[in-house]
Structure formats: structure tokens, C-alpha cells
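Trainee: I'm new to this one, and I'd like to learn how to read it piece by piece. Can we go through it together?

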Amino acid sequence: MLIRCRTDLQNVGEFMIPFYPNVIGTQNAEWGERNIMEMGALPMELWRLILAYLPLPDLGRCCQVCRAWRELVLSLDATRWRQLCLGCLECRHPNWPRLPNLEPPSWREALRQHSLARRTWAQNVPELQSSACITLFRRRKDRRVWRVGTGPGCDFETLRGALTVAGPYDRVALQPGLYEEQAEVSLKVPVEIVGMGKLGDVALLVSFDQQCPTARLCNLVLMPAWFSPVVYKTSAGHVQLDNCNFEGAQMQVRGPGTCQARFCSFAQGASAHFLGVALSLMDSCEFSGSDTASVTVEGPPVTERNWACKHLAALVKTMTTNSMAITPTNTNLKEGIVNTLSMALPPVGPTSMETWISQETEKVGGMTGGEGALLHQGIVQEHGWSEGDLKKDDKEGGPTKRPDPTYTLSYEAHGLAHLWEHEDVSEAQEPMLRSLVEELQADADAQMLVATVHGCVLRHCLLRDGKGGVHMCNHAHARLEANVFTRLHYAVRCIQNAKMVMLGNEVSGCRASGVFLRLSAQGVIAENNIHSNAEAGLDIRKGANPIILCNRIHSGLRSGIVVLGNGKGLIRSNQIYGNKEAGVYILFNGNPVVSGNHIFQGQAAGIAVNENGRGLITDNVIRENQWGGADIRRGGDPILRNNFICYGYSDGVVVGERGRGLIEGNHIYGNNGCGVWVMSSSLPQLLGNYITHNRMYGLALFCRKDPEPGIGREGAERGAERDGDRGGVGGENLNEEGELSVWENDIDSEDERVSARRSISVALVESNCMSHNGAEGVYVKTCESVNIVGNMVGENRGVGVAVLQSTQLTRLVANCIRGNAHSGVTVAKECRVELRGNGVYDNGGHGVSYCGDGLIVENDIVGNRCSGIRATDSADVKVLRNRVQAGLGCGICIEEQVRGLVQDNLVFQGHLSSPTPQIQLDSQNLECVLLNNTLLSPALHGSSCPDPDWALENPPPRPHGNDSSGSSSSFHSTNLAIAVTTRITASVESGCHSNGSIFCTVL
């Protein structure tokens, strides 16, 4: 080898003599060789020019001279190595067919990969060992080349004639022309068939049946013969296809047979069919114009392996994955996708809480007079009652100033004080997306699937302009990496217990859904860019259970992900945005786990759960969607837990007619509509949520049913008359082929996480914090029972809790209602409401303004600007065992036509200079009885300070609580509250009715 290198260098020196006669021409050869070896003898640019003329074998030899020569040869990547790579007739541009205009990171590395891949077909012969050069290997001395054609120097005129005499590993070189065989051609010995000239110069109308261990076809155009659409099939051996075109033909590989295809084109309906393959590789191939699936993978991988499996496995591992970094997955977002998204949505970026609050102040106006009494104009006007009446009542109480704090009772030690600690959320608390590496480290099942699933491997392929991309069925295995699927009917279909790994692909422009999974299919779908499809980006149903990680699913003409028909799946750390309908749509017993995703800027709901859909939806960031962040209706029963639902253009969470679900521990803030909107006939459980800084109500419970689609709302009723399909999937094609489909409930598929949830018969609102909302904290206008237990309702710009319609009993138990701009609790006419164990503190109007029927029992009503309890307008109410201290109004004010009982109340004096009595009963009222009420005034000492015992003690300030940790799911406290309220239901129903108070009549 060294002798050969020295000889080559002498030749190089002789080549340089005409150009540098003063340096070389006058010296002897020995002196010239010594100086040529010195790298500093000539400029580096000249050395690169000289080496650019060397063929590939000589470049390999020069690399072995010394380190300096090696570095010099490697520096020719953009010139000589590029020329050698593009000049090879057996391969195409390294980034063909996906990005043929994009330069590879290294042309030399691309040529090396091609060299390693081209020799796989002959690796089973010991004599064929690779040499030190990156492209050469020693050939057997008896290997021959048979030339086929009609020109001079050809050995045979037909391909069949050459194959009859060809020995093992001989090469059959086909001269340009068209070759047609009238019968099936059997390959009985390993052979290499190569077309000479450019691709397209040699065409075969043939049907090959491989019966030998290995074969290679290169630089050919294959078309089907008249008697069979199959141009190549193998059932045991290995076939290698390099730079071939299949036109209207089919290739079949049956396990344990294997296939390696590189730079091949399947056009005009051509396809590849793999049956039971353990491992095959389709690399840098193009599929177009297929009438069915371009690639079909069927059957479980056979246990038997042929000789090529180990070599293909090594090749798959060694092939660089850097090409995934240049796929459209990481480039399109900055190009055309952002433009499409900006046209579909308002140009709004992520909103911070500070920006939202400043916008809120500009829209609504500042807090006037330091009283916090500003309310959205026209929001609350129902059946003759409006907040304007309350404002008039507030003015009657005297000057708009707070009571003297010297005489105000302290209430800060109540049981819900801990809820104030976490009411405000910063963006730093929102969960960040996890990388694929982090997800795989945390999920052993996903890691195992990624490591073990191979089967048919498609890598760097382009599938376009046909009906289907890849179809997997009947326990098949497939692996799709860095492919582009575009303008197909569907990109990937995985059914019948098939398994797939789908990494780094782009799926766009499909006429139906991009990826279908059916019938218990499984797999990992990760780091794909799925966008601009006519139906859902991913469609999961019929027991399919994939793992979907770290994808971008966006700009779809319908939903991002659809899960239905008992479909499952784990959907984590994805970016789902800019879809015209719901980002994630769950229905018909779909039951996925949706965790840690960012779902934003959708043109409909972020997540919609309808038609008996379920699912565990946790730790997601759902923001800036046009409709509700989460939409639950028509039997939807999900678990919505620990999500950040914020900055929506409408409501945060919508629970429509017949919606159910557990809504727990979510941060719902900054939405333009309500925090949570609940329709009648729905039974949600709201536990431990923080519903803050929404522009309308914190929580609204309405009795209106969903109207027909297309009906909007205006002004105060904007949220009541929603579109019938608020989830944004009204026209979703729920069947993959477009035919009508009816899905039945599967009673045997009940998930344990749903069945373990405690059942309820009325809507439950427990342990939530509803504060700083633009209107009422809780707004109730429903015909069904509601339990509102243990909530913090404070600092809202309207009434704390407003009950405008309640034909069934509404229970307010153990809530803290404080610091609201107007009254703490307002109950309209004919409403049946029970207030028990609440703390109503420091509100801007009356503590309780009551016009309905029911009970006010054992509440602490302290520090409110006007009256503590005010009963008007034919109310039928019992006021029992309350502790009341008013501001400037009466402690308890009973007006004419009020029926009821005021008994055993403890009324503390408010401001000493207030002219109003502590208990005021209208002189014309003969139907209300006052019994055993106690009036207290502070015992002043010389320092004008009140008595030290002037406090809410025995018991301490309400609401009481024994869970200092603030847990939102305390079964004990909830069950106790429900038991208490159930126990007194009978007395409420018998004591308050339209014919008068039984208690008052008896007394």
C-alpha cells in the first residue's frame, strides 16, 4: 500500500511540472517527492485543486498517508465529494425525494452511507470482505459480467438468456432498451442486474420470482408484464433495490424474506406489500398516484430469520438520524404554517396576567371611590331584578364610607383562609412541555416500543398524491421515520392489533384524517408535524391505545385529535393549536389520558367531551381558544384535573346539557367569558378549582337548554344561547370513509378511574376559589338542585353569589363570601335557597339580600357596608342562629309582606353613630315573628376601646374547616355538609311554601 501511495505521489509531482517548472522541473525525482510530501510547499487552494482530479480509490489512498493529508482530503466535501456523490448512477441526491434542494450536512458521509448500504446484498458470502477503502470490496475472481443488448460487445440479446448461464454473484449489465419477458423469470442463483446509462434508459416488462438467498436490482424501470401485476416477489431471500422505478407494478415480500430499497420510485399506482416480514428497509423512496395503500404491511413478523436480518438491523442502527433535524417537522412552522395560522386567528401572542389585568381595567373602568362597586353594565338583568336596584338600596344606607374598624369583628381566622394563598397564578407555574427523551425516560412502555418495533422500516420517504400512505393490519409491525405524507386520502392506517413507531414525520393535506388507529392498534407516535388535514389529525377508535408524544398537531380543517368508539391512548406533551374545531375531541366512550399538552389558539373549543366520552385530562395548558377551553356535554363524563385554562376568547369550561365530570384543581383565569358555564340537566363536580380574573361570571349555572346551531347571544345572554355543537365538531366525519355510523355504548369497558369516583345526584361545587371576576362570583339561574359547599367567593366586581332562579333547592353551605363589590348573597323571588354555616364578610352592599323562600341558618355576616340581612318582596324565610354585624345599615332588616321567623340570632352593633336599629321590622308586617334575638354593643373602657371579648368565638368565624392543607377532595367535610343539608330538607319544604309559614302561623 505504501509503495502504491508513493507511486501515485510521483505521478502527482509529474503532473505539476508544467505548472511549477522552477520548483520541480529542474530537480531530480527524489528531491521533488520529498518536497511534495511537505504540505507547506504549495498553497492549500492548489492542493485542493489537484486532489479534485483524483478518482475515488486514489482519494481513499491519500487519506491513509498521514493526518495532514487526511484533513486535506476531508476538506473537499463541498467540491470533489459532492461531485462523486451526485455522479453515482446508483443513488440520487441524499435528501431526495423530500428535500432535494437541501444540502446534506456532509457529502462524504452521504457517500459513505450509500457505500455501506449498496453492499448489503452480498454480505452473506465470506469471500466478499470490505477493503480499507470506503467504497471498494474484494470481489471473487470468478465473478463475471454478462452484457445484454443488441449492440456490439453484448453476450446475450435477452435477460432470460443471460440468467441461464450466470453464476453466483455475477453481474448482468443491461444496455439501454426495452426488455419484455412473456413468462415469469425465476432467480435461482444470487445475481446482480444493473441497467447501464441514465435511469429510464433500461425498462423491463417482467415478473421476477426470487428463489435464491440474495439478489440486487439497480438503475432499472420495472413495469408489469401482461400476465401479472407483480414485478418482483420473494418469500425467503433478500432483495436489494437501488435507484429503480416501479410504474403501475407491485412488489411483494413475504417473511422470512427481506427487502432493502433505496432511492426507488413507485408511481402510477405502484405499491409495496410486506407479509409477515421481520425486518425490511425502504429508504429515500417516493410513492405517488396509488389507488390503494402505497405500502401495505400485514401479518405478525415471522420468528424465522434469513441471513440479511442481522445486517439490516445493524444498518438501521448505524444510519445517521441527523436527517430528522432537517425534515419539514422543524422548518415549516417558520414558513407557511405561521402565515396560515395568522390569517385564521387574531394576531395575539401569549398574554400575561399583568397585561390581562391592565386590559380589564381599561375595558371596565377603575374601582371608583375605593369601594369596588363597579359591575359590567347590563350583565345581570333578569325578570325585573337588577344590580341597579341594589345600588339604590346601598345609597339609602347613608354616606359611602366604611364602618369604623374599631368596632368591626375580626373574621380572618375562618376555615377557608388557605384558599387565598394560591388564588393568583403566574405563568412560571404553568407546566412546560417535556422533551421526547424525558417522556421516554418516564415511560417504560413507550421506551420498549421504540426499541423493539421494527418490521417494515420506512425512512426518509415521500408519499404523495394517492389514496393511502401506509396500511398496517393483522398484528403487523412497522416503523416510520422522517417521512413526508402529503395530498393523500389518509397517511397512515394502523388496525387489527398492529404496532407502529412513527417518529419525526410530516403529515399534511390529507383529504380525510391524517393517522387512523383502529381495533386495538398500538404504537408510539412522537415528534411528528401533523397539520392542514381535512379531518382530524389523529383518529383513534375501537380499542386502539397509542402513545402520542411531543407532536405538533395544528392548522387542521377540523379537530386535532379525535378519540371515540372505546378508543384510548396516552396523549402527552403535544402542541395542539390552530385547528378549526376542537383541539382534542372525545366522544362515544372514548377514554384517553390527555396530559401535559399545550392546546392553544384553536378556532373552537380546546378540549370537547361529548356523547358519553370520558378521559383523564390533566396538567394541560389550554389557552387562547376561540370557544370554551373545555366543553363537556351530552353525557360527557371526563376527569378534568390540574389544568391551566386561561385567556380564552369565550368561557373557560362549559358544561352543557347532560354534561357530567369531575372538574378538580384547575386554574381557570383570564377568559373573556365566564370561568365555568354550567347548563341545566348537567351534574358536574367542581372541586378545588381557582376561578379568577375572568371578565364575566366566575361560575354561572343556567337553566336554558342548548338551542339549535347558529343561535348566538347578545349582551347579558351571550353565554346562554350557545351553538348546539359548542365543542367545534358539528360536521366532523366520524367514519373514515364518510358513511353514516352509529356507535353503541360498551357497558363492559368502564374504566376503574371513572367507576371509583363517588356518584352524585345533584351538581356539586366544593372548595373552589372564585375571585376577581368581572361580574358575579357565582351566578345561579337553574331549575335543578345545586350544592355549593366550602367555596371562597371574594373580590368579584358584582355580587358574590346571585341566585336569580332556583325552583329546586340550592344549598350554600360553609362558604366564605367576602370583599365583593356589591352584596355578598342575593336571592331573587321564588327561589328556594338555604344558607348554612357561611361567612359573609366585608362586601360592598348588603351581606344577604333575600327575596325567595328558604333558610338562613348559623351564618356569620359581618362587616358588610349596608344591612347584614335584608329580606324583601314577599320572601318566606327563617333566619336562625346567625351572628350579624352590619356596617351602616341594619343588622337584620325585614320589610313588609315578608313571612318567616327571626330567632336566636346574635346581632352586634355596627357603627355607634348609625341611626338605624340593629333589627328592623316593618310596622305593617304581621306575618314575621322575632324570637329570642340578642343585641350586643361594645363595652367601652376609658381608652375608648371595645371589650376584649368583642369577637366571633365559640364557635370561631365561619366557615369552619379542619383541613388546613386545602385539599380539594376531603370526603369527610363534603359528606358531612351533604348530610346536614339533607337532614333539614324536609323542614325547608314544609316550612316555606306559597301559603305562608307554618312556623309563623303556629307561633
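Trainee: Let's begin with R883: is R883 buried or exposed?

Mentor: Keep in mind that this is a predicted model. R883 has a relative accessible area of 6%, so it counts as buried.

Trainee: What does R883 form a salt bridge with?

Mentor: The general idea is that side chains of opposite charge can pair when their charged atoms come close. Here the partner is D860, and the closest N and O atoms are 2.7 Å apart. D860 sits in strand β66 and R883 in strand β69, 23 residues apart, so the pair links distant parts of the chain. D860 is buried too, with a relative accessible area of 0%.

Trainee: How exposed are E858 and R881, which also form a salt bridge?

Mentor: Their closest N and O atoms are 3.0 Å apart. E858 is partly exposed, at 26% relative accessible area, and R881 is partly exposed as well, at 37%.

Trainee: How many salt bridges are there in total?

Mentor: The count comes to 32. One of them joins the side chains of E192 and R143, at 2.4 Å from N to O. E192 is in strand β5 and R143 in the loop between α8 and β1, 49 residues apart. E192 is buried at 3% relative accessibility, and R143 is buried at 18%. Both belong to a network of salt bridges that links R143, R171, E192, R216 and D242.

Trainee: Now helices. Which residues of α10 are buried?

Mentor: An α-helix has 3.6 residues a turn, so residues three or four places apart point the same way. In α10, the buried ones are A308, C309, L312, L315 and V316. Looking down the axis, they fall within an arc of 125°, so they line one face of the helix. The face turned away from that buried side carries the exposed residues K310 and K317.

Trainee: What covers the buried residues of α10?

Mentor: The cover includes helix α8 and the strands β11, β14, β17 and β22.

Trainee: How do I read a pair of helices, and at what angle do α4 and α6 cross?

Mentor: Two packed helices are described by the angle between their axes and the distance between the axes. The axes of α4 and α6 come within 10 Å and cross at roughly 75°, so α4 is roughly perpendicular to α6. At the contact, M44, W47, R48 and L51 of α4 meet W69, L72 and V73 of α6. Those residues divide into 6 nonpolar, no polar and 1 charged.

Technical notes: Residues numbered from 1 in each chain as written. Predicted model: local features only at pLDDT ≥ 70, side-chain atom pairs only at ≥ 80, totals over all residues. Heavy atoms only, no water. Buried < 20%, exposed > 50% of the residue type's maximum accessible area, 1.4 Å probe, protein only. Helix = DSSP H or I, 4+ residues; strand = E, 2+ residues; numbered from the N terminus. Arc of directions from axis to C-beta. Contact = heavy atoms within 4.5 Å. Axes fitted to C-alpha atoms, helices over the stretch in contact; angles between N-to-C directions. Parallel < 35°, antiparallel > 145°, perpendicular 65-115°, else oblique. Nonpolar A, V, L, I, M, F, W, Y, C, P; charged D, E, K, R; others polar. Salt bridge = Lys/Arg side-chain N within 4 Å of Asp/Glu carboxyl O.
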